[in-house]
Amino acid sequence: TIKLTFAGDLFPGNIIESVGIGIGSQFAKHNGKPWKSQLKEHFSKSDFGFVNLESPLLNDRRKSQNSMFAGSIDFAEFMRDIGITAVSVANNHILEHDVEGFQSTIKSLEKHSILPIGIYKDQKSDIQRITLKGIKLGIVGFNNIHDIKNNSQYANYSRKSVFKAIDIMNYQKFDYKIISIHWGDEYVNIPSSKQIDDARAFIDKGANIVIGHHPHTIQPFEEYNGGLIFYSLGNFMSDMIWSKNVRMGGVANIYLNKEKIVKSNLSSVYIQDNYIPKHVNDNNFNDFLKKNENILNNFTHENKSLYNKDYNKLKKNKHLLNRIWMKKILLKNWFKLPENHRATILKNILSRFKI
């Protein structure tokens, strides 16, 4: 039996509200030494550790310390040391520093024997092949959030492209086929009806595990037709700490042998003020999961229009609420931010109002 561990979004840089004090800035000072032992706990007993890498890794250490959405190439070694063996690079922030930043990310990951998942190669998502104790795993990744134009660096998401990847993996006779997808709407605690339809279709097609990320909040998971679907694992390591919703994430542990998935569980983590996730036994987490699992279990094609109506209302409310919380934490951190960064923010605000 082998153990696979999947966590959500890992952000090695700084968001706009934390330049100078966020993860990228802190890492530049101590190379992650104070964080290592606590993060290692999540992956130490696993044969395979996976996260979604939410920003590029750059050669320029000053950029990673003083810019937004920029991690250091040294972060790859840190991830390897805490037990991460594969990361998704198919997401909406990986091209924040253009193709050069993407290529430096891939180079640093490969240097430290971390598999980049979701590279676009030969007109498809490159299939990464992993053999653990004689068990053959195939894993592919896709991005469906298009904030930045993708010039064929990572695989874009479509139902057809995922079907194509599953067909190839079926033909190549992998024991397990894993699909990683960056999708969904930010801050919403349930998947859209299209995500439900697509994820279940991928399992029906032959995939065994579907791992979702991007919403920055935990969503329900389900066992379906012999497979596992985790619609979103939320944040794992992040400086998005303005609410309980974005601080709470999930870590999925899956145990399998050559013949079958033996068992799986989803444990809760909570991001502390130092941006590090800590395992918690939280009744609120369990209640939260149960509530949203009930919503998912009650989804049918007959009630899809009602589900969509409720979903769109929830999406609108969550987006507005989180925009307010983001502004609050920006004000809270204002005098901790570098002076030049504060000037840039003010300039952007004034330009919006044409002042």
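**Close-up views of a predicted model**

**View 1. Lys205 is partly exposed, with a relative accessibility of 34%.** The structure shown here and in the views that follow is a predicted model. Asp167 is likewise assigned to the partly exposed class, because its relative accessibility is 39%, a value that falls between the limits of 20% for buried and 50% for exposed. The side chains of Lys205 and Asp167 form a salt bridge, with an N to O distance of 3.3 Å. This pair connects distant parts of the chain, since Lys205 belongs to helix 7 (residues 193-205) and Asp167 to helix 6 (residues 159-171), with 38 residues separating the two.

**View 2. A salt bridge joins Lys258 to Asp175.** The closest N and O atoms of Lys258 and Asp175 are 3.0 Å apart. Lys258 is located in the loop between strand 16 (248-256) and strand 17 (261-271), and Asp175 in the loop between helix 6 and strand 11 (176-182); the pair therefore ties together parts that are 83 residues apart in sequence. Lys258 is partly exposed, at 40% relative accessibility.

**View 3. Salt bridges with shared partners connect Lys36, Glu77, Arg80 and Asp81 in one network.** A search of the whole structure gives 13 salt bridges.

**View 4. Helix 7 meets helix 10 (residues 304-333), the two axes coming within 9 Å.** The axes cross at roughly 125°, and helix 7 is therefore oblique to helix 10. Helix 7 contributes Ser193, Gln195, Ile196 and Asp197 to the contact, while helix 10 contributes Lys304, Tyr307, Asn308 and Tyr311. Classified by residue type, the contact between helix 7 and helix 10 comprises three nonpolar, three polar and two charged residues.

**View 5. Strand 10 (residues 135-143) pairs with strand 9 and is also joined to strand 11.** Strand 10 is largely enclosed by the rest of the structure, because eight of its nine residues are buried. Strand 9 (residues 128-132) pairs with strand 10 in the antiparallel sense over five bridges, and Ile130 faces Leu137 of strand 10. These two strands, strand 9 and strand 10, form a hairpin with two residues between them. In the turn of the hairpin, Lys133 has a positive phi of about 50°. Strand 10 and strand 11 run parallel and are joined by seven bridges, with Ile139 opposite Ile178 of strand 11.

**View 6. Helix 1 (residues 23-30) is largely enclosed by the rest of the structure, since six of its eight residues are buried.** The buried residues of helix 1 are Ile23, Gly24, Ser25, Phe27, Ala28 and His30. They pack against helix 3 (61-66), strand 4 (71-72), helix 4 (74-82) and strand 15 (235-237). Asn31 follows helix 1 and has a positive phi, near 55°.

Methods. Residues are numbered from 1 along each chain as its sequence is written. This is a predicted model: local features need pLDDT of at least 70, side-chain atom pairs count only at pLDDT 80 or more; totals for chains, interfaces and linings use all residues. Side-chain values use heavy atoms; hydrogens and water are left out. A salt bridge is a side-chain nitrogen of Lys or Arg within 4 Å of a carboxyl oxygen of Asp or Glu. Helices (H or I, at least four residues) and strands (E, at least two) are DSSP runs, numbered from the N terminus. Buried means under 20% relative accessible area, exposed over 50%, partly exposed in between (1.4 Å probe, protein chains only). Axes are lines fitted to C-alpha atoms, for helices over the stretch in contact, and angles run from 0 to 180 degrees between N-to-C directions. Angles under 35 degrees count as roughly parallel, over 145 as roughly antiparallel, 65 to 115 as roughly perpendicular and the rest as oblique. Contact means heavy atoms within 4.5 Å. Ala, Val, Leu, Ile, Met, Phe, Trp, Tyr, Cys and Pro count as nonpolar, Asp, Glu, Lys and Arg as charged, and the others, Gly among them, as polar. Two strands pair if DSSP finds at least two bridges between them.
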